[in-house]
Amino acid sequence: MLLLTSLALFASAQAAVLTLQSPRAIVTRSNGEQTASLPLSLGRAADPLTITSQDTLKITFQVIEKESGNGVQPHQTFLRFYDAESGEEGIQPVKVTPSGKAKFELNMAKPPASLPPTTTAPLQVELFIGAPDYSPISATLFYLTVPASQPPISHPDEASYHLRPEIHHTFRPDQKLPPKFISAVSTLLVIAPWVVLLGLWSQISYKTPYLFSPSILPFTASLGAFEGLLLWYWVDLKLGQVLLYGSILGLVTLFTGRSALATVAERRLAQK
């Protein structure tokens, strides 16, 4: 790890150095009148500039190799407009020709969308240059005061994305139970018809001699299984499970019913 760090420091020390030739910031009006011309330096920030909504800021320079003086086209060159108060920033790429000449224009009549929202605080204008085999450049050129931005238009649905008041649910009060005497009388009224029905059935003589015979009992059991399935569905099962079990019971009932009907028919024919 120490060896890699030493190699990186050695490579950085051996990298060629870039610099700027004739860097300058110029402010012009819409009619072409020049109102300010400011020489720039990588060593320290120049005097602050102020532009209006009718002005255009032009920044020109040439990237050269410090030792040979030859023009160099960097791999990346961009300006950063930073508002220290709000923390907003805007990045503007700068086009550089193969000879290293660069020119940037900021027309405040049509400011770019990447320019950060501005207030009365000045913007810090920084230059960043990067190229292979060269030491990078990072320098504050000057401070720029621009007209304050207009407040953004609120979106119709903006309120939907803010914290809303807490919802307080209102529930109906618990239902009051009727007196126990009323409940007991109602229960007796419901059970009474069944008691009468069972009593009348007990007075009727009916014969089912073959109900529990081996050929009819499976059919009777399958019908009882259907009733148990419905009770199970009411207690625990879901509809899909009822359909699955019901289809199986349906097939069983079909075959046991045919067998039971065939047995009953044979007995009736034998009695004739």
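**Exercises on a predicted model**

Ile-204 is found in the loop between helix H2 (180–203) and helix H3 (217–235); helices (H or I, at least four residues) and strands (E, at least two) are DSSP runs, numbered from the N terminus. Residues are numbered from 1 along each chain as its sequence is written. This is a predicted model, in which local features need pLDDT of at least 70, side-chain atom pairs count only at pLDDT 80 or more, and totals for chains, interfaces and linings use all residues, while side-chain values use heavy atoms, with hydrogens and water left out.

**Exercise 1.** Determine where Asp-83 lies and whether Asp-83 counts as buried or exposed.

*Solution.* 
1. Asp-83 is placed in the loop between strand S5 (76–82) and strand S6 (89–93).
2. Its relative accessibility is 0%, so Asp-83 counts as buried (under 20% relative accessible area; exposed is over 50%, partly exposed in between; 1.4 Å probe, protein chains only).

**Exercise 2.** Identify what Asp-83 is in contact with, leaving aside neighbours within four places in sequence.

*Solution.* 
1. Contact means heavy atoms within 4.5 Å.
2. On that basis Asp-83 is in contact with Glu-88, Pro-117, Thr-119, Ala-121 and Leu-123.

**Exercise 3.** State the mean pLDDT of the chain and how residues 1–5 should be read.

*Solution.* 
1. The mean pLDDT (the predictor's confidence in each residue, from 0 to 100) is 85, and 91% of residues reach 70 or more.
2. Over residues 1–5 pLDDT stays under 50, with 0 contacts beyond four places in sequence.
3. Where pLDDT is low, predicted coordinates should not be read in detail.
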